[in-house]
Amino acid sequence: MFSSIKRLLQKGKDSTVSSNDLLHDSSKALPEQTEHEAVEEIFPKISFHPLMYIEDETRYVYQFLNNELPPLQPNQLSLSAIDIEVDEEGAMVTAFIRNSLAKSILLQDVNLLLLSEERELLARKEFSLEELGELPASSSRPWRFYFERETLLKEELPKSGFQLAFDLTKNEHKLDLEPTWEAQLSDVQKEELAKLVASLPKLGENELSLHSISASLKEDGNLAATLLIRNGSKQAVNLEVLPLELFDENFEIIARGSFTLAPLTILPNTSKPWTFIFPASLVEKQEFTKWSVRIPNQQMI
């Protein structure tokens, strides 16, 4: 009887991600699990928003559905879709947001995907979850997500088997090229830069760093240094003035100077290549094999 009620009431499916992937907090990372080590199971308890009025009958339904959901492992976040209501303006999806962390969390802006049972993309939208409030440790909170008609990619939406999922592609650190670079670089060069960006260590939250790519001395004595400017922040960074120092393997200065930019915008969670030309008058050493770069008074990169 209860299983048939569950099938009748919960029309959607579950989607689970590691909290590390969504929250970017490496301190939550779990140690590696051995082959014979038991996996801890966590059953998040129902948590209703303190300011949300929910009728008793609806509360009982939510409580029952939550009790029937599969357990989570430690440090996971899950979206368990319950129902979908379609109208002329869009679609309202009701789902549980489940948290298996041992502490409460605050979710802010997240990109969500609406998927079919066959994993076909039906809609994509960024949601601000400030109104959701603090999600307690090991808790599950019902919430509604409205996808306006312009966010829908399909005219017809399924009545069951659908799924809500966190869009983690937004969290992937990507290569960003200025239009001039986009036009001048070959496909092979772009691919090599993209591979380089993907291979570098993850940046900390709000971290901005430089990565050395190439440096060459020109016939006129100027030195061209190409760097990868990496932005780990969720906000765009506008660089207007950037002082730089180049060092060789013996920590001797190759060149130093301060560059005034247009400004140069580094989009959130991206890396942008840029070439800095040191005039001959600022070049102190013309022969070198290995080199590194730093912003004065900061660590060499």
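Me: Where is serine 47 found?

Reply: This is a predicted model, in which local features need pLDDT of at least 70, side-chain atom pairs count only at pLDDT 80 or more, and totals for chains, interfaces and linings use all residues. Residues are numbered from 1 along each chain as its sequence is written, and side-chain values use heavy atoms, with hydrogens and water left out. Helices (H or I, at least four residues) and strands (E, at least two) are DSSP runs, numbered from the N terminus. Serine 47 is found in the loop between strand 2 and helix 3.

Me: Is serine 47 buried or exposed?

Reply: A residue is buried under 20% relative accessible area, exposed over 50%, and partly exposed in between (1.4 Å probe, protein chains only). Serine 47 has 11% relative accessibility and therefore counts as buried. Leucine 106, in the loop between strand 4 and strand 5, is exposed, because its relative accessible area is 56%.

Me: Which residues do serine 47 and leucine 106 touch?

Reply: Contact means heavy atoms within 4.5 Å. Leaving aside neighbours within four places in sequence, serine 47 is in contact with Pro136, Ser139, Ser140, Arg141 and Pro142. With residues up to four places away not counted, leucine 106 touches Gly133 and Glu134. The C-alpha atoms of leucine 106 and glutamate 131 are separated by 9.9 Å, although these residues are 25 apart along the chain.

Me: How many helices and strands does the protein chain have, and what share of its residues is buried?

Reply: The protein chain has five helices and 15 strands. Of its 301 residues, 42% count as buried. Among contacts in the chain with a separation of 6 or more, 69% come from residues 24 or more positions apart.

Me: Which residues touch the most other members of the largest nonpolar core?

Reply: In soluble globular proteins, nonpolar side chains tend to be buried together. A nonpolar core is a set of buried Ala, Val, Leu, Ile, Met, Phe, Trp, Tyr and Cys residues joined through side-chain atoms within 4.5 Å. Here the largest such core holds 30 residues, and Ile97, Leu114, Leu129, Phe145 and Phe147 touch the most other members. Among the elements giving two or more residues to this core are strand 3 (76–87), strand 4 (90–99) and strand 7 (139–148). A second, separate core of 21 residues includes Ala255, Phe276, Phe278 and Val293.

Me: What does isoleucine 97 touch?

Reply: Residues up to four places away in sequence are again not counted. The contacts of isoleucine 97 include Leu79, Leu107, Leu129, Trp143 and Phe145.

Me: How many aromatic pairs does a search of the whole structure find?

Reply: Rings of Phe, Tyr and Trp (its six-membered ring) pair if their centres lie within 6.5 Å; planes under 30 degrees apart count as stacked, over 60 as edge-to-face and the rest as tilted. The search finds seven aromatic pairs. Phenylalanine 48 and tyrosine 62 form a tilted pair, 6.2 Å centre to centre with 45 degrees between the planes. Phenylalanine 48 is in the loop between strand 2 (45–46) and helix 3 (56–68), whereas tyrosine 62 is in helix 3, 14 residues apart. Phenylalanine 48 counts as buried because its relative accessibility is 18%, and tyrosine 62 is buried because its relative accessible area is 12%. The rings of phenylalanine 259 and phenylalanine 276 have centres 5.1 Å apart and planes at 65 degrees, so this pair is edge-to-face. Phenylalanine 259 lies in strand 13 and phenylalanine 276 in strand 14 (residues 270–278), so the pair ties together parts 17 residues apart in sequence. Phe48, Tyr62 and Phe96 form one aromatic cluster.

Me: In what sense do strand 12 and strand 13 pair?

Reply: Strands of a sheet pair through backbone hydrogen bonds, either parallel or antiparallel. Two strands pair if DSSP finds at least two bridges between them. Strand 12 (residues 237–248) and strand 13 (residues 253–266) pair in the antiparallel sense over 10 bridges. Leucine 239 has leucine 264 as its bridge partner in strand 13.

Me: In what order do the four strands of the open sheet stand?

Reply: The order is 9-14-11-10, with mixed pairing. Strand 9 (174–175) and strand 10 (208–217) stand at the edges, each with a single partner strand, so one side of each has no neighbour in the sheet. Strand 9 and strand 14 pair in the parallel sense over two bridges. Leucine 175 has serine 271 as its bridge partner in strand 14.
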